[in-house]
Amino acid sequence: MREKGLLGAAVLLATLLCSGRSRGHGFEHSAALDAGGRYVVKWKFDETSITFEIEAETRGYIGFGLSPNGAMASADLVIGGVANGIPYLHDYFADSSRVVHKDPVQSYKLLYGKENHTHTVLAFSRDLQTCDPKDRAITSGTTRVIWALHSEDVGPSGPNYHGINRGRKSLRFLNPGTSRKVPPETATFDLLNVNVPVPDKDTTYWCQMFKMPEVQKKHHIIRIEPRIQKGHENLVHHILLYQCDSSLNESELDMGHECFHPNMPDSFTTCETVIFAWAIGGEGFTYPVHVGMSIGTDVDPVYVLMEVHYDNPALQTEVVDSSGLRLYYTPRLRTYDAGVIETGVWVSLYHMLPPGMQDYITEGHCTQECLQESLDSEMPSGVWVFAVLLHAHLAGRAIRTRHFREQVELPPLASDDQFDFNFQEFQPLSREQLILPGDSLITECMYNTKDRQNMTWGGLSTRDEMCLSYLLYYPRVNLARCESLPEITGQLKFIGVKQIQSPLTTWPFVIKSPKRYSNLSFTEAMDKFRWTKKRAKAFNEVVLNLPMNVRCSKIGLDEWSTQGMIVSPPKPKSVRPPVVAMCMNGSESKSNCTVSYILITALMEKTFPEWKGYCKDTSGLVSNVWAHIIILDQCTLHSSWV
């Protein structure tokens, strides 16, 4: 009997290891797609498929779609309801002219449907990758969801127009964020602006200083969430929380002022270290059970500065805002203290994007030199990244944070090939990733400036650009920023600048020669240059290979010695090839699972002499294998070695 019990336990363990996540029968995730909660979607997923349940306030049809840009054109649609007590579901698509057609390949499968006197509930499933060119694949990145309602069911001629009963919302179906649950006795405190008069101008950064709660012993903050004033969801673009000097004059507490203004209080300039970031569309962040943000010790923040970015392109007047953050804290300590590292492109006018480009690429380096010095000194065993916030502005289209060790590329820390400016939040990593001394990171951003006539500059406005990754990690070390910026001389040389005026007395500085740029600022000269698509592409290649200035700063105003170094972009020994998913369905998928099993086994035995067969060794080798192999969709194999 004992042998049978051990055998059963072994079979169960092997099944769990080989089958991935077990989702059960319940829906683990949900989101209201409209402000009033009339349309709610729930979902669950496994490695190959996703199941939805929609509850909507209608007795007519429900429309649900996946869009490339949040609009109807080229969207993947499913429409269903309950008519005369019988549920129905049809797969549609919209062409580039927004005309709706029935899809000849019905990829969505109806599971059940029901209705009462006010609501309809509809459940259906589909493969993540259907291989139907009219469908949109569901990935771990951002998905732009569109929805619609109608009071009538679909008739013989198709669905009637839904009118104003429609909307859109961006979601990450396969990486939906953290749970909002915290222990019921958890204490909270709010950091809120109070009746801030938002100026009638495009961009305003408003700063206010607060004192953290006075606690008698160390506590951990375990969740932070936005408190956005109702109706201001599109006004408040992002909120950053900075740690300030702990010996400030308390007379400046609760004092608000426009950030980066010549007349702002001097104490604001001591607040250099980002300890939390929230951006539009995010719903807050709950720390993992073994990690928290520490307060109450000598090295923890006593005073914090909350920076709120107000985005007011319509130049609204007489707007008053009282938004901010709510923080949950507990005396029940976690194992590790969390920290934040800002990586990417140092925000500066030297970060510039030519007009007319559909896919301009920018790279911000967290260099090997910076991580070697800081981690060798602080944590030689490395730090573990558990969440990443990818940040850009309106021109941003895709972002990823690439990870290199000894110039060999590892899996990315985070990526989003459908970046949405209006949906930015910390993405929890499915597996925490170790950053070691001597590793390097590249935050890579793709931009679309096709409809712009002039240069786009690195800067604070949403019409300017940024390329940043905020890394949440543990254990906390004395490293706040790890960034880079391409040298300006090579960029100016590309447009023919020969000499700048000296000494530098103005900003932006002024060009001396050649004559066509004489007495122009370098920004005016860049705009005067006659950009074409070919020239902009060549400029992109030049910038990606220019020497770069390293930013490597500590918490507060101190810097590591590598700050200000000029280094060349690293030349990787190997990079990860793009993931290519093979299409298969039904019996093809099942048979190919067997083929993939054999391929993986052969690959492992060739690469790892100690490998004893896929899912046979449970001693920890599996986690090493997953550092190199990803099983995609229907058991499709992708490997960094292939």
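## Asp135 and its surroundings

Asp135 is in contact (heavy atoms within 4.5 Å) with Asp76, Asp91, Asp103, Ser107, Arg126 and Thr130, leaving aside its neighbours within four places in sequence. This is a predicted model: local features need pLDDT of at least 70, side-chain atom pairs count only at pLDDT 80 or more, and totals for chains, interfaces and linings use all residues. Residues are numbered from 1 along each chain as its sequence is written, and side-chain values use heavy atoms, with hydrogens and water left out.

Asp135 is found in the loop between β9 (120-127) and β10 (143-149). Strands are DSSP runs of E with at least two residues, and helices are runs of H or I with at least four, numbered from the N terminus. Asp135 is buried but has no salt bridge. Buried means under 20% relative accessible area, exposed over 50%, and partly exposed in between, with a 1.4 Å probe and protein chains only. A salt bridge needs a side-chain nitrogen of Lys or Arg within 4 Å of a carboxyl oxygen of Asp or Glu. The nearest side chain of opposite charge is Arg126, 5.1 Å away. Lys and Arg count as positive, Asp and Glu as negative; His and the chain ends are not counted.

Two polar contacts involve the side chain of Asp135. One reaches the side chain of Ser107 at 2.6 Å. The other joins the side chain of Thr130 at 2.9 Å. A polar contact is a pair of N or O atoms within 3.5 Å; within protein, one must be able to donate a hydrogen and the other to accept it, and residues adjacent in sequence count only if both atoms are side-chain atoms.

## The loop between β11 and β12

Lys181 lies in the loop between β11 (166-171) and β12 (187-192). Its relative accessibility is 72%, so Lys181 counts as exposed. Lys181 and Arg223 are 42 residues apart in sequence and 9.0 Å apart in space, C-alpha to C-alpha.

Thr186 is also found in the loop between β11 and β12. Thr186 counts as buried because its relative accessibility is 13%. Its side chain reaches the backbone oxygen of Pro183 at 2.7 Å. Leaving aside neighbours within four places in sequence, Thr186 is in contact with Ile222, Tyr328 and Tyr329.

The buried residues of α5 are Ala536, Phe539, Asn540 and Val543. They cover an arc of only 105° around the axis, which puts them on the same side of α5. The arc is that of the directions from the helix axis to the C-beta atoms. Lys534 and Lys537 are exposed on the other side.
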